[in-house]
Amino acid sequence: MTAPLLWPAEAIWEAVAPRLPGFTVEVLPEIDSTNSELMRRARAGQTDPVLLVAQRQTAGRGRLGRGWVSSPGDSLTFSLGLPLAPADWSGLSLAVGVALAEALGPGIGLKWPNDLWIDGRKLAGILVETATVAGVRHTIVGIGINIAPRPAGEGMDIAPADLRMLWPQADAPGALLRVALPLVRALQTFERAGFTPFEAGFAARDLLRGRTVTLSDGTSGQAAGVAPGGALLVHTAAGLKVVSSAEVSVRPVP
Ligand code: BTN
């Protein structure tokens, strides 16, 4: 039997609550999806800032309608819900990716818009959703990080990356402790100043720049960084394309 995980809820609360009044940390043994749960709560009027961790998700959700499969202990799955009112929302999910990658350390790249990769494989994904409640836009930032090695399968051709590739002793509670405060700080910076403060951080970790990419509409071209609002720039045969939402696949390096 594996030892139960000890979550650093109090340490996170102490670090975050001074900058986020009303903040709570909650760890659930099981839920369908931490994002879905915070969406339900927000729609029911529960909009105080909360960090909700699930040891097991039975219906984890990913971007573009996909699922997110994880197993207890081998991955970290959590969502942060909070009211946010930036003047411009563009680039929010990229900013979260930059904050996570910086918090988890060097060796992590970003695949637009916000996947964290190590060595050509996906380490973590981010799902940002919003719900408008009584005129206030409540933001839910869901994060899934692979902690221990997992086999390929479940829709993945190759095994995903995991945090133990960077720190052999990594565990889910330690990873959460490492990213929680940087994530809150980044969201508050974004609320105040938008994507601009994150542009250089994204560029430094941008894995697509200069690579040949194929978009979900079949267009191919060469990725050329991101526009000021975080849209992907792609040089195609028809000219420069500004892509704000699409699946982007990267041609394998020959
Ligand atoms: C993606 O890469 O497609 C995004 C994956 C996001 C997964 C996380 S796990 C915690 C939170 N709850 C969910 O149902 N999804 C996000």
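Trainee: What makes strand 6 stand out in the lining of the second largest pocket?

Mentor: Strand 6 gives the most to this lining, with five residues. Strands are DSSP runs of E with at least two residues, helices are runs of H or I with at least four, and both are numbered from the N terminus. Strand 6 (121-133) and helix 3 (92-104) each supply at least two lining residues. The model is predicted, so local features need pLDDT of at least 70 and side-chain atom pairs pLDDT 80 or more, whereas totals for chains, interfaces and linings use all residues. Residues are numbered from 1 along each chain as its sequence is written, and side-chain values use heavy atoms, without hydrogens and water.

Trainee: Why is this space called a pocket?

Mentor: On a 1 Å grid over the protein atoms alone, a pocket is an open set of points with protein on both sides within 12 Å along at least five of seven lines, and lining residues have an atom within 4 Å of a point. The second largest pocket holds about 490 Å³. Among its 25 lining residues, Gly91, Leu92, Ser93, Val128 and Ser244 are the closest to the centre.

Trainee: What makes a space a cavity instead, and how many of 30 Å³ or more are there?

Mentor: In a cavity a 1.4 Å probe fits but cannot get out. The structure holds one of 30 Å³ or more. The largest cavity has a volume of about 40 Å³, and its lining includes Leu5, Trp7 and Ala172. Strand 3 provides the largest share of that lining, three residues.

Trainee: How do you know that the charged end of Arg137 sits over the ring of Trp89?

Mentor: The criterion requires NZ of Lys or CZ of Arg within 6 Å of the ring centre and within 35 degrees of the ring normal. The charged end of Arg137 lies 4.2 Å from the centre of the Trp89 ring and sits over it, so this contact meets the definition.

Trainee: Why are strand 10 and strand 11 called paired?

Mentor: Two strands pair if DSSP finds at least two bridges between them. Strand 10 (residues 232-236) and strand 11 are joined by five bridges and run antiparallel, so they qualify as a pair. Leu232 has Val243 of strand 11 as its bridge partner.

Trainee: What makes strand 11 and strand 12 edge strands?

Mentor: The open antiparallel sheet has five strands in the order 11-10-9-8-12. Strand 11 (239-243) and strand 12 (248-250) each pair on one side only.

Notes
Grid points are joined across faces, edges and corners, and a volume is the space filled by probe spheres set on the points.
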